[in-house]
Amino acid sequence: MLGPQNQSTSLQRLNHAEKMIVHALELSGLAMDELANSTGPRTDVLDGHCGEFMQSMKEIQTTLREEIKSACDYRPFEKCDYGARISNEICCQKLEYIAEKLDRMKKTIVQFNDDANLTS
Amino acid sequence: MNMEIDLDKLPLKRLEAIDEAGNEQFPLDIGYEEKRLNMVRRIDFSSVVEERDAKKQKNSKEAAGTQPWPWQSLVENLQVAQQELSIILDLINTVEANDAVTVAGMQRPKQLPHESLSDIVVSSATKLQRLRHLGRYFKQSSKALEQQVTRETRFYDSLIRLQQNWKVKRQHVGISVPGSESCFTIDLLHNSMTDLVLSSRSSILSTVHIDQDHAGVLTVKFPLRLCRRLSIEFPGFHSNHEQKSFQKGKVESVLHTREDEKMALAGEDVNEHVKDSHLILREMHRSIFQEQVFNLVNQKSYNYLPGVNVISMQDDCLQLSIGHGTYVSFRLLPSLEEEPNEKMNSNNQPQNRESGIRSTSSLGSETVDEKSYPMDYLNFPDPASLEIFLQYLFHEGVFLKFKERRTYAPRLVMPSQPTSDGCNFLGHFCMTISHRIFSMRVMSMLEGLVARVPYLHLHYHPTWHSRISSWCLSLKVPLSILHSRRRIKPSESNDLKRGFRSHFHTKVVLNGDQINVSGEGTHEVGSLRGDFAAGCLINCYSCDLVDLPMVILQQVAGQVIHWLHEEALIIGLKVSRDFLCLWFSLDQGDKLGLVANVNAGDIRGCISWWLVFDDSSMEEGKLGATDDGERRSHKFLGNLSLETLYSTLMDLVSLSVYGGGH
């Protein structure tokens, strides 16, 4: 289902974008923590966080832009398949019925053979 | 102590000067603010200032003398501060009370170094605290967002999957209700069905609400009591067929294991979750369709249908009578009723014979049992199959036609099966029922016949038309005879070329309620000689059920005679054929006749044989009365198999070869 990144579905890409947003929020929390460090913020760590944050922002933006571009217009129920669905339901009923009858026939045959074996 | 008292002048206008011309000069009017200002200026702070200076000098003199108390300077500073504060407070109060005085400007005193440092420290400490607070806030919100994202992902994954198969609609709840998401529903009505009559119940059923629980799991409400199914019954007849469909069992299991499902939520595939919703939606959709079928049946029953009368019509039950004495009721039953008693069969009827998918029926061993059950319901088709058929008719005839009519509006003539005409599907259905019942009777009659004639076999041919049934009775020449025949005439490699039959077929077709019998007594159609002139007979009869046995038996007997005739010709006997007789010409003009006697009611066998000896009278040997004791002698041979008949022929050969009477 989840193949390589370039083959993932649109929904999975959007899901990924959401996760990136959550991650960005986490990063900002970490950055704040770093700034609030009592011994003073470590610049490299802070730089790392901020850099990651900006990177993820960029990624989120590109993903969303692509998705928006590729979203098609919403056509309400043009290809409703309820008719075909009912046909299939009827076919399912037919098949169930036939299967049941065949099972009974098989049982009868088996019973007949058993009786024949018993009497012979 | 001296106290100075200052008295204000009365606020009168006093004359200041007067000049020679009599002009009075008054003092200028001092404004209100000016007056106030003057009064303030009159406050004399000098005493206070002098006192302070005096005190300072005194204190400094004293301080040098006495032993310094460690807090003394603090106390003095505080006292000084207090005095200064009180002055300032007074000033402020005066300023507040007097509108004439406002503060022009204030200058901040220059900060001492340690003060500025402490200020910086305090501000940075507060900043750090705020940053920490912010950091915590971000982390918390990221966790909450993550939870919400997973919840929504779970929900929308399921929703997307549902949307692939069902019509999902969104309604935006009003803006006045803050915080509520948009509400999703599923519409189960097909677009083209809106024109057909729907009951109010099915329209309630047609919109399904989608709920989302706290964990984001999508659930679909299942209105248990509103779901119904169509049921066809013959009153007084209980079918063995259990209405338990494969799907229905699953729905029940879904409803009963809700809690377990919730426990096993974590880490499950979203497809599994959606399966239950799909199942519920399928059940509801099916229920709506079956209700529509019932409503349409109700509607159609208002029209006149030949042979069909409405007995009773209720909200969920319609009873019709079809033909003579056949009653059918169409009912809408709740789908998930739990009444196991109804399904138990108290009477010991065997499983009803359905006119469904039978390919061959060999020598009917079932026919023996048939007689012992009193009711005629054995001939009724299985109601379950009728339910399926009715739905199929409705769907094909009405629904698809409707769709076609919508999409191809200008077309007036729709290519369709003539029998599943949308307007007449109820008539077609009722006629099918009566046809099926009649067809079962015909078949049981045929089976009875076939049971009593050993060399006759019954085949049922499905016609794929619900009102036409067809059977084939085939007479098969046993293999032993075929082999022996081949021994006699080995030179004839290809039997077919000479038109030697090993099968004779009689076809029985039931069209509606008309029986047509067509039998062959001729060469095979594939004969290369095309010798149709040599008595190509395909006899066609239409008859009643009462006459059918006799017709068939006569046909079969005729075929046997025909076959014997051909065999005799092969062997070289001189034979001639009559309706049901085969005459062998012996020497001296004697004739030996083999006569077939058909009796449908004979239990031991339907076709029995007589041997008639007719010596040179040239009269047709017929089965006459037994008191005809002339030159004819009859010998009753009984029911003979084909082998026996064939060996009889052989004997006759030897007879005619060796001559003499018998």
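**Figure 1. The open four-stranded sheet of chain B in the predicted model.** In this predicted model, strands of chain B form an open sheet of four strands in the order β3-β4-β5-β6, with antiparallel pairing. The edge positions are held by β3 (167–171) and β6 (218–220) of chain B; each has a single partner strand, so one side of each is left without a neighbour in the sheet. Direction ignored, neighbouring strands of this sheet are turned by 35° against each other on average. Strands of a sheet pair through backbone hydrogen bonds, in either a parallel or an antiparallel manner.

**Figure 2. Pairing of β4 and β5, and the helix that lies across the sheet.** Strand β4 (residues 183–187) of chain B pairs with strand β5 (residues 207–212) of chain B in the antiparallel sense, over three bridges. Thr185(B) has His209(B), in β5(B), as its bridge partner. Helix α4 (residues 113–165) of chain B lies across β3, β4, β5 and β6 of chain B. The angle at which helix α4 runs to β5(B) is about 155°.

**Figure 3. The largest nonpolar core.** The largest nonpolar core has 59 residues. Within this core, the residues with the most contacts are Ile515(B), Phe584(B), Ile607(B) and Trp609(B). Helix α14 (residues 548–571) of chain B gives the most to the core, contributing eleven residues. Apart from this core lies another, of 34 residues, including Ile86(A), Phe429(B), Ile433(B) and Ile437(B).

**Figure 4. Surroundings of Ile515(B).** Not counting residues up to four places away in sequence, Ile515(B) touches Phe438(B), Val442(B), Val508(B), Val509(B) and Leu510(B), among others.

**Figure 5. Cysteines without disulfides.** Over all chains, the structure holds zero disulfides. For Cys91(A), the closest cysteine sulfur is that of Cys92(A), at 7.4 Å, which is too far for a bond because a disulfide needs the two sulfur atoms within 2.5 Å. Cys91(A) is partly exposed, its relative accessible area being 39%. Cys317(B), by contrast, counts as buried, at 13% relative accessibility.

**Figure 6. Gln299(B) in helix α8.** Gln299(B) is placed in helix α8 (residues 270–300) of chain B. With a relative accessibility of 32%, Gln299(B) counts as partly exposed.

**Figure 7. Trp464(B) in a loop of chain B.** Trp464(B) is found in the loop between β12 (456–461) and β13 (468–476) of chain B. Its phi is near 55°, a positive value in a residue other than glycine. Trp464(B) counts as exposed because its relative accessibility, 77%, is over the 50% cut-off.

Figure 8. Chain B has 15 helices and 21 strands. Of its 662 residues, 37% are buried. The accessible surface of chain B comes to about 40,300 Å², and carbon and sulfur atoms account for 55% of this area. Among contacts in chain B between residues at least 6 apart in sequence, those joining residues at least 24 apart make up 64%.

Note on methods:
Residues are numbered from 1 along each chain as its sequence is written. Chains are lettered from A and ligands numbered from 1 in the order in which they are written. This is a predicted model: local features need pLDDT of at least 70, side-chain atom pairs count only at pLDDT 80 or more; totals for chains, interfaces and linings use all residues. Side-chain values use heavy atoms; hydrogens and water are left out. A nonpolar core is a set of buried Ala, Val, Leu, Ile, Met, Phe, Trp, Tyr and Cys residues joined through side-chain atoms within 4.5 Å. Buried means under 20% relative accessible area, exposed over 50%, partly exposed in between (1.4 Å probe, protein chains only). Helices (H or I, at least four residues) and strands (E, at least two) are DSSP runs, numbered from the N terminus. Contact means heavy atoms within 4.5 Å. Accessible areas come from the Shrake-Rupley method with a 1.4 Å probe; for residues, only the protein chains shown count as cover. Two strands pair if DSSP finds at least two bridges between them. Axes are lines fitted to C-alpha atoms, for helices over the stretch in contact, and angles run from 0 to 180 degrees between N-to-C directions.
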